[in-house]
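Good morning, and thank you for coming.

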Amino acid sequence: MTLLRIGGITKRFGGLEANKGIEFDVEQGTIIGLIGPNGAGKTTLFNCVTGFYAPDDGKVVFDELDITGWPPHRVCRAGIARTFQTVRPFAQMTVLENVMVGGLLRHRQTAASRTAAMEVLEFTGLASRQSMFAKNLTIADKKRMEVARALATGPRLLMLDEAMAGLTPKETQEAVDLILRLRARGVTILLVEHVMEVVMPISHRIVVLDYGQKIAEGPPQEIANDERVIQAYLGGRYRAPS
Amino acid sequence: MEQTQVRRPPRALSPQRLVLFVFMFAALAYPWVFRLPFQRRLMVVVLLYAMLGQAWNILGGYTGQVSLGHAVFFGIGAYTSTLLHLKLGVTPWIGLPAAGLVAALVSQFVGYPCFRLKGHYFVIATIVLAQIVQALFTNWDWAGGALGLRLPLLPESLLNFQFFSTKLPYYYISLALLAIVLAVTYLLEGSKAGYYFRAIKEDPDAARSLGVDITSYKMLAMAISAFFTGVGGAFYAQFVLYIDPESVLAFKTSVLIMLIAVVGGIGTLWGPVLGAFILIPLSEFTRVALGGAGRALDLVVYGILITLVAVFEPRGLWALGERIKALVARR
């Protein structure tokens, strides 16, 4: 079943077309990697889907519901949660309180939200940090907390914007681990990453953007050998070893 | 590493509760210990401003939307109850909540355009709107114009909300109003709205991504804040029995309301109370000590105090107290 359909999204900033008619589907229960060099338009696309930008053209359909141009809080209520490329913790709130804010979307009472948040903290391995102020966490834990916070809203689709950038290899492995457990829990995942090595092994399908356009889409093996992708990443002088 | 306390169910007599009871007792006993009209009047003003500071704090402190136009709600509250009384003969006891409701209603019209602006631009918009409202009332003859409105003197009674032989009833009414605002703030702190307010203050975009309808919640914070500020304005009108645009709608009132919360500690339950207990007597005593010639000197003292707070403890004096407490605990 198609959970999210991105239908010809175009977003312009002045004369710059950050997204040009991008089109792809996200099947329920899969992990989709969205890759591309810096400035390819990955984050812009994220913002168009989650309502932070209104696309100039095209449609976003989530679970057969046209959510194009919906404000972020309604998109979230519909079942799409996201994290940010640069972490945005509620710095002066504790880790538990941060996650509770997410939990309050589905729970009116703070007590119920606290219970739900504790469950998410256990799942993400942050339970021991629950009473720390978010500002005092390490970068890896802040990113993990953002995932926990997003997860607490009870999403069906989780969109992670560079959840692994800037992490050490060990932390990256832990993050990958978490993503795989999320999928096992039934959450569909759309992953932005420009480090190919991380995305390749865990993604079912990969979508490659360059200069605002989709240049390739397919299973990881295919993408790794795709002429245009290699060009986009390494420049025109390099050719895939045959 | 910093740790916050998880709110536990209060024990029968925790130290915090004990301190609270001591303060409550002191508040109830104050007018019987300090019997001079000046002493009682001063404390009425302190309690009124503590209430106004806390009302501001709900919007400015917890939700992070700094308003420098709260005189609008204060003034509209004062004018609402006064005009209701003068034109329709409505008792101030109905005028008080009516003042809050009208202020809250006006706040929604103010909030709608202002909340499209962020940070400094929001602050500027609130200042400009307050100036416009003051100009409107100054030129509105039906509402007394620049001359203001005088409430007719009635026989003193609880029913008439006028007391002359003793300030005692005013004292207890202002104390009750403050208690109500503190109770509402306390309940908000632990509620969904309270969490959302703080999330909006910390990072509005992150809040939006977690399903928080930030405009609606800002409007809610504004409505609660304006309601109590309006009630405070109505109380002021009954206390002074004379209002004009300069006394209830001026910029300096907006500044004072904000300062009380900022100096005391924004986003805290007791900060504005602390702020009022420091700033109001301070301005009274500097005026007494320096006489009429030193008219602006209380403002100079304010200025110094704000600078000190901003440099050494931007979270306000309440946070300073917590820091000292933590230091003592570590010894």
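Angles under 35 degrees count as roughly parallel, over 145 as roughly antiparallel, 65 to 115 as roughly perpendicular and the rest as oblique. The model is predicted, so local features need pLDDT of at least 70 and side-chain atom pairs pLDDT 80 or more, while totals for chains, interfaces and linings use all residues. Residues are numbered from 1 along each chain as its sequence is written, with chains lettered from A and ligands numbered from 1 in the order in which they are written.

Helices (H or I, at least four residues) and strands (E, at least two) are DSSP runs, numbered from the N terminus. The axes of helix 3 (residues 95-103) of chain A and helix 7 (residues 192-202) of chain B come within 10 Å and cross at roughly 110 degrees; axes are lines fitted to C-alpha atoms, for helices over the stretch in contact, and angles run from 0 to 180 degrees between N-to-C directions. The two helices, helix 3 of chain A and helix 7 of chain B, are therefore roughly perpendicular to each other. A:Glu97, A:Met100 and A:Val101 meet B:Tyr195, B:Tyr196 and B:Ala199 in this contact, where contact requires C-beta atoms, placed from the backbone, within 7 Å.

Turning to the sheet, four strands of chain A form an open, antiparallel sheet in the order 2-1-4-5; strands pair if DSSP finds at least two bridges between them. Strand 2 (16-27) and strand 5 (65-66) of chain A stand at the edges, each with a single partner strand, so one side of each lacks a neighbour in the sheet. Strand 1 (residues 2-13) and strand 4 (residues 57-62) of chain A pair over five bridges, and A:Arg5 stands opposite A:Val61 of strand 4 of chain A.

Technical notes: Contact = placed C-beta atoms within 7 Å.
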